[in-house]
2 protein chains.
Amino acid sequence: MRTSIATVCLSGALVEKLHACAEAGFDGVEVFEPDLVAAPQSPEEIRALADRLGLTLDLYQPFRDAEGVDEAAFGDVLRRAEAKLALMRRLGTETMLVCSNVATATVDDDEVSASQLRRLGDLAAAYDIRLAYEALAWGRFVDDYRRAWRIVERADHPHVGVCLDSFHILSRGHDPAEIEKIPGDRIFFLQLADAPALTMDVLSWSRHHRLFPGEGSFDLPTFLGHVLRAGYDGPLSLEVFNDTFRRTDPARTARQALRSLRWLEDRAARDLGATTTATLGRLPDAPAPRGVDFVEVRAEDTTPVETILEQLGFDFRGRHRSKNVRLWTQGAARIVCHERPAAGARPVVAAVGFNVADPEGAALRAGRLMAPPVHRQTYAGDQDLRAFAAPDGTEVFLSGGGAWEEEFEHGVRPDPDPAITHVDHVNLVQPWQFFDEAVLFYGSVLSLEPQPALDVAGPSGLVRSQVMRSADGAVRLPLNLLPAEQHGHAQHVALACRDIVGLARAARERGLRPLRIPGNYYDDLAARLDVDDELLATLRSLDLLYDRDSTGEYLHLYTQTVGGVFFEVVERRGGYDGYGAGDAPVRLSSQAAHVSSRCGTCA
Amino acid sequence: MRTSIATVCLSGALVEKLHACAEAGFDGVEVFEPDLVAAPQSPEEIRALADRLGLTLDLYQPFRDAEGVDEAAFGDVLRRAEAKLALMRRLGTETMLVCSNVATATVDDDEVSASQLRRLGDLAAAYDIRLAYEALAWGRFVDDYRRAWRIVERADHPHVGVCLDSFHILSRGHDPAEIEKIPGDRIFFLQLADAPALTMDVLSWSRHHRLFPGEGSFDLPTFLGHVLRAGYDGPLSLEVFNDTFRRTDPARTARQALRSLRWLEDRAARDLGATTTATLGRLPDAPAPRGVDFVEVRAEDTTPVETILEQLGFDFRGRHRSKNVRLWTQGAARIVCHERPAAGARPVVAAVGFNVADPEGAALRAGRLMAPPVHRQTYAGDQDLRAFAAPDGTEVFLSGGGAWEEEFEHGVRPDPDPAITHVDHVNLVQPWQFFDEAVLFYGSVLSLEPQPALDVAGPSGLVRSQVMRSADGAVRLPLNLLPAEQHGHAQHVALACRDIVGLARAARERGLRPLRIPGNYYDDLAARLDVDDELLATLRSLDLLYDRDSTGEYLHLYTQTVGGVFFEVVERRGGYDGYGAGDAPVRLSSQAAHVSSRCGTCA
């Protein structure tokens, strides 16, 4: 279907926004009036630029406070409307958004609103313009799309239809199924926005927190299904008011926006099957990965990381036959240490490899979702893994499993009975401006599902955390938000093991110094969870953390941080499915204390 | 009265927080349990440190989910409580906060809650500890302080009283007057927090957006009055969960916090007069300033600013007899241009002088509010103006009027019929971490009143704006919030005039190039406000902006930006009392366009 986006979604000046939308690949835009008002270019110049860029100007918006007023006030509405309709002729825009009245409505009567829309329709007809009437969630009298449709039906004018906006409908909890009762050709426009689950006034929620589809908690594939089954065949247009997107690179936001529509079209197409004639774009199939294939740590010198791996019982599996890369494994956990001259002194998680059933299909899907490909040096005989850059630059590899292990030489054979079995999760701290984009990226490219977000308290502030995971839990990526003023964060790799107590003891004997956990933590644990004395003494002596819920237990320990990386070892007992979020404040405080005591092992 | 603060108000580790509270001058702290749990120090070490710093540990908090449970669950509550009471003995803390049950309550019955509190009271008595029971605004069954008091009354135990928290009471709109029905000795603790007027779930509002008294919209002087009239004589303690304060310098936040209490004590003392025996701290009287006395622009070279002043019709009034400062005036508007070698190439608003009735009293008040004094070079015969640093470093001068003008020599005589009459307002952009502190600073030190905040949209994001003003409007300081990732902002000085059309024409003849306003703005103005053709043509030809409301009209123009400064000229007609906020997006866009076209006159 045709794709469009409201200029208010992006930062910058109108001309910059148009370029960003065209470069991303949108078919059209909604002209947000304040963007035009603030632009130094004339409407004719904007129209000519859009033409040259191949963009249609699909909607002019918003026209406010149009109906539900007394006759005296309506005279002024007609005067305002005529000026805007004349302006729209100059722009070449054929549809105007008319919002339900917020500020000036005095008459709560469908017949009055319908008759006023009809008269506006007559005026619009003279300009060959259509009016798309929308119920704002905070409209004075009309705040429900079903009432807006009743009014439009009553207005009974060929130039008056409805505009549907997913936010206004879903934020109020209105049932979108009734959209199917509206004839498709009476739906003049469709605006799509996602949003996080928040409990606040809808106006603030709408103005500050909207997200692109796939980034929030609305069920937009189902919503879109209703609209398409109604017979709508106009553009899919995004209208997202978001404090972050208003401040960040518009070219990047526009690509993110189009990715969200491609994801949404595909999801809706899968749900709808043959029940609509709409021509929805489809993506190649790509089920969620079967697991984390490897994690790559990169630095000029990765020795400090390799020391920790050895202490944790990893086996050195050799050096790559053509690259300066060393492989360490334990069970299915593989850590690749890549020394590169300009990589910086600080080891970082530079790449994560995912084990996917069909690497070729997954790469095709990533490409269709505009994931930027990463160039890799590949040598004769090396397996050619496809890689893409996540929003924060982390390289995401798509592999079919560990066949590439054979490219490593001169290592030991793997331990047949390893303590660590696999990578449990990879925690990726995201700079603030990439957080929502990362949710969409991992959700769409890797088909991971976003879990509810939460805040954890650390000594430098609250950390927003949201886990992306596969349905079976084989892949788990907690994403943490890094505020704009903070730097020097570390990513971490959590390794699953069967016997963390035995592993912690063995690792200590091999010289591991885990992150020190304060004694007060164990006193609190005893009070809070009534942990028995023997277990408590073990936890305390080994700096293990502990959580328990109704399904099971979670024991975990942290290594010290090396540059931008640290490791966690976790043992899940029973059905425990969380991440010990309650322990995060203690972990963050201990790490901060460790950094401020300027330990020599830290970069 | 004694002052206290919850450690959760501050960032950092517990030890760092204790130092910050002691340095600011607090008498005590509330120990927030997660801070202790994450601390590497033992409770005995924390107690000893607090002793050495002269801090009492006034409250241990929170103890959750204590009452309203079935008997089986209550056994675990007693076990948990005993562990925490024992811990409190180690800390030497005599009062524990018991919150109304949120998570585990199953019994909605005052008698059950009272009886369980009574049994907890028996246990606490054995440790000589008092329990302060608080109704959380989101308690499962108990969410109103009046019900908490009924339960405490029914528990009828000397070790069980109530804790009152202004947020939990005022956020729910509960009438605080009934606090006076509670005997003062049954109010075991008082927690104070302000908050902005937001419409959202109280839990999120409480956890992220609390503010220190004087920074938000709650009427805390009245609230405190009720508590004191009830006979409460314990500490005034702050409990402020705030995303910004969690991330910023704890020493600074602690000073800000104590300032808020000094302001609040003074306000309450003025309201209460002799109706309470509480010994409230008082501040010296200092009514709001009578006007802006001068604005100082500072740079290595202030010539570009002086050029604009001359174009606006300012008179050069001479050079200071001992400093490298030049004075320009028009009417009562005085701009001091201060050239200083290390001031940087970029002119900035370095200081604002305020005309106060009693400079000595105002300076005493500022000192009591811990405003940092600014050192000034003063020479024999110069007027000795007292100055203090605002949170962002802007110097605030307190003067009794323009007698210091006489220190300037070799200038012209002032125009007896000036076009510009005075400084209308000074717009000060605040780095994000100083915004709330600035509201408190200007509110308490200068006795300005905060007006409701609003967001205006610019091409780089939304700008939060809040005006601080004197009741008579003679002093107006709009504060705009600058996000963490943005730099290079400009402050601006708005100059009031009687005839902006005449002034704009004259200024153009003197070479002024105002900020260019796009033609689309005028088309929109015609549609929106039905401005008549003649006025519209005038506005358009002179790049004037225009706003109108039911009380009057506002015409204004902007100069181009020089480094970190620009000027606005405003003409208020009728009773118009705003700032043309609707024009801000156009102004911000035009400024951004101007910067990106890299005009040669910009630094």
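In the predicted model described here, helix α5 of chain A, which covers residues 110–126, has 17 residues and reaches 24 Å from its first C-alpha to its last, close to the 24 Å expected at 1.5 Å a residue, where the expected span is 1.5 Å times one less than the number of residues. Helices (H or I, at least four residues) and strands (E, at least two) are DSSP runs, numbered from the N terminus. The model being predicted, local features need pLDDT of at least 70 and side-chain atom pairs count only at pLDDT 80 or more, while totals for chains, interfaces and linings use all residues; side-chain values use heavy atoms, with hydrogens and water left out. Residues are numbered from 1 along each chain as its sequence is written, and chains are lettered from A and ligands numbered from 1 in the order in which they are written.

At the start of α5(A), a side-chain oxygen of A:Asp109 comes to within 2.7 Å of the backbone nitrogen of A:Glu111, and the helix is followed by A:Asp128, which has a positive phi near 60 degrees. The buried residues of α5(A) include A:Leu117, A:Leu120, A:Gly121 and A:Leu123, buried meaning under 20% relative accessible area, exposed over 50%, and partly exposed in between (1.4 Å probe, protein chains only). These buried residues pack against α4 (71–91), β4 (95–99), β5 (130–134), α6 (145–155) and β6 (160–165) of chain A.

A:His174 is found in the loop between α7 (166–170) and β7 (187–192) of chain A, and has a relative accessible area of 12%, so that it is buried. Not counting residues up to four places away in sequence, A:His174 touches A:Asp143, A:Asp144, A:Tyr145, A:Arg146, A:His168 and A:Ile169, contact being defined as heavy atoms within 4.5 Å.

An unreviewed UniProt entry places the feature "binding site" at A:His425, A:His492 and A:Glu568. Although these residues span 144 residues in sequence, no two of their C-alpha atoms are more than 9.2 Å apart, so they gather at one spot. The UniProt positions are given in the numbering used here, feature names are shortened, and annotations may be inferred rather than shown by experiment.

A:His425 lies in strand β17 (residues 420–431) of chain A and is buried, with a relative accessible area of 2%; beyond four places in sequence, the residues that A:His425 touches include A:His492, A:Tyr554 and A:Glu568. A:Glu568 belongs to strand β25 (residues 565–574) of chain A and, at 1% relative accessibility, counts as buried. The side chain of A:Glu568 makes a polar contact with the side chain of A:His556 at 2.8 Å, a polar contact being a pair of N or O atoms within 3.5 Å, of which, within protein, one must be able to donate a hydrogen and the other to accept it, with residues adjacent in sequence counting only if both atoms are side-chain atoms.

Between the two chains, 48 residues of chain A are in contact with 46 residues of chain B. The area buried between chain A and chain B is about 3400 Å², of which carbon and sulfur atoms give 55%; buried area is the accessible area (1.4 Å probe) that two parts lose on being put together, summed over both. Eight salt bridges are counted between chain A and chain B, each a side-chain nitrogen of Lys or Arg within 4 Å of a carboxyl oxygen of Asp or Glu. A:Glu485 forms a salt bridge with B:Arg247, with the closest N and O atoms 2.6 Å apart. The largest share of the side of chain A that touches chain B, eight residues, comes from α15(A).
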